[in-house]
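Student: I have just opened this structure. Can you take me through some questions about it?

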Amino acid sequence: MTRIVTPRLILRTARPDDLEAMHAVLSDPRAMLWWSTPPHETLEQTREWLDAMIATGPDHPDFVVEWDGRVIGKAGFYVMPDVGYILHPDVWGQGLAGEAVGAVIDHVFKTLAVDTLTADVDPENAASIRLLQRLGFVRTGSGERTWNVGGVWKDSLYFALSRADRAVVTGAQAPA
Ligand SMILES: CC(C)(COP(=O)(O)OP(=O)(O)OC[C@H]1O[C@@H](n2cnc3c(N)ncnc32)[C@H](O)[C@@H]1OP(=O)(O)O)[C@@H](O)C(=O)NCCC(=O)NCCS
């Protein structure tokens, strides 16, 4: 079971008792504005979501994020190599997503033989785009009407982060 500790956060494998805290995130319309599904309306929806996350296994790099003993969201890879993250709006704007997603990315590059990570973002999701750019992701393309979320078509911007580009951002030695 993997556990990542950053200056302010603990990232760990999801557990069934994360249900209420994750439901608070996934049922919040502000947090779900650019997600791939509408806000969860029932606890049962979140239970299915959480069960699927747990089923990926204890070594899969997808994590709930704990801050000060509270589960505030998730960061990681439900399906490799596409990164996904969501935090409760209560905690936005304090650099916590940068800390969480940066740690997950560095963990993946350190432990897995993957050379490029990807992200798919709504063009209107300014915070997420800024976050990806700060982490070293570069834009690789775009798509129109890529997601139908609750009957509304959404567009995508595609981003990618190579192992070498991440090394430049972190100041780590470039890979051979
Ligand atoms: C995207 C998200 C995780 C960012 O969380 P956060 O903890 O507030 O992010 P950070 O504080 O680490 O900020 C990341 C960067 O985005 C910037 N930012 C934050 N909110 C912003 C906004 N509304 N508009 C523009 N930039 C914004 C920050 O200033 C920071 O950039 P900086 O380092 O240059 O100052 C959060 O907004 C969220 O959960 N959104 C809903 C879910 C979502 O959209 N997930 C991504 C789907 S692709």
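Student: Leaving aside neighbours within four places in sequence, which residues is Asp-28 in contact with?
Tutor: Keep in mind that this is a predicted model. Asp-28 sits in the loop between α1 (19-26) and α2 (43-55). Once its neighbours within four places in sequence are set aside, the contacts of Asp-28 are His-88 and Pro-89.

Student: Does Asp-28 count as buried or exposed?
Tutor: Buried means under 20% relative accessible area. Asp-28 has 9% relative accessibility, so it counts as buried.

Student: Which side chain does Lys-74 join in a polar contact of 2.8 Å?
Tutor: Start with the place of Lys-74: strand β4, residues 70-79. Its relative accessibility is 5%, so Lys-74 counts as buried. Beyond four places in sequence, Lys-74 touches residues including Trp-49, Asp-62 and Tyr-85. The polar contact of 2.8 Å links the side chain of Lys-74 to that of Asp-62.

Student: How many residues line the largest pocket, and which class has what share of the lining?
Tutor: The largest pocket holds about 1300 Å³ of space. Its lining is made of 48 residues, and Trp-35, Gly-84, Tyr-85, Ile-86 and Ser-128 are the closest to its centre. By class, the lining has 24 nonpolar, 13 polar and 11 charged residues.

Student: How far apart are the end C-alpha atoms of helix α3?
Tutor: Helix α3 has 16 residues, 96-111.

Student: How far from Ala-164 is Asp-115 in space, C-alpha to C-alpha?
Tutor: Asp-115 lies in the loop between α3 and β6 (116-121). Among its contacts beyond four places in sequence are Leu-161, Ser-162 and Arg-163. Asp-115 and Ala-164 are 49 residues apart in sequence, yet their C-alpha distance is 8.3 Å.

Student: Which residues does the cis peptide bond join?
Tutor: Most peptide bonds are trans. Here, one has an omega of about 0 degrees. Pro-81, in the loop between β4 and β5 (82-87), is part of it. The cis bond joins Met-80 and Pro-81.

Student: What is the phi of Asp-68?
Tutor: Most residues other than glycine have a negative phi. Asp-68 is in the loop between β3 (62-67) and β4. With a relative accessible area of 76%, Asp-68 is exposed. Its phi is positive, near 55 degrees.

How values were computed:
Residues are numbered from 1 along each chain as its sequence is written. This is a predicted model: local features need pLDDT of at least 70, side-chain atom pairs count only at pLDDT 80 or more; totals for chains, interfaces and linings use all residues. Side-chain values use heavy atoms; hydrogens and water are left out. On a 1 Å grid over the protein atoms alone, a cavity is a set of points where a 1.4 Å probe fits but cannot get out, and a pocket is an open set with protein on both sides within 12 Å along at least five of seven lines; lining residues have an atom within 4 Å of a point. Grid points are joined across faces, edges and corners, and a volume is the space filled by probe spheres set on the points. Ala, Val, Leu, Ile, Met, Phe, Trp, Tyr, Cys and Pro count as nonpolar, Asp, Glu, Lys and Arg as charged, and the others, Gly among them, as polar. Helices (H or I, at least four residues) and strands (E, at least two) are DSSP runs, numbered from the N terminus. Buried means under 20% relative accessible area, exposed over 50%, partly exposed in between (1.4 Å probe, protein chains only). A polar contact is a pair of N or O atoms within 3.5 Å; within protein, one must be able to donate a hydrogen and the other to accept it, and residues adjacent in sequence count only if both atoms are side-chain atoms. Contact means heavy atoms within 4.5 Å. The expected span of a helix is 1.5 Å times one less than its number of residues.
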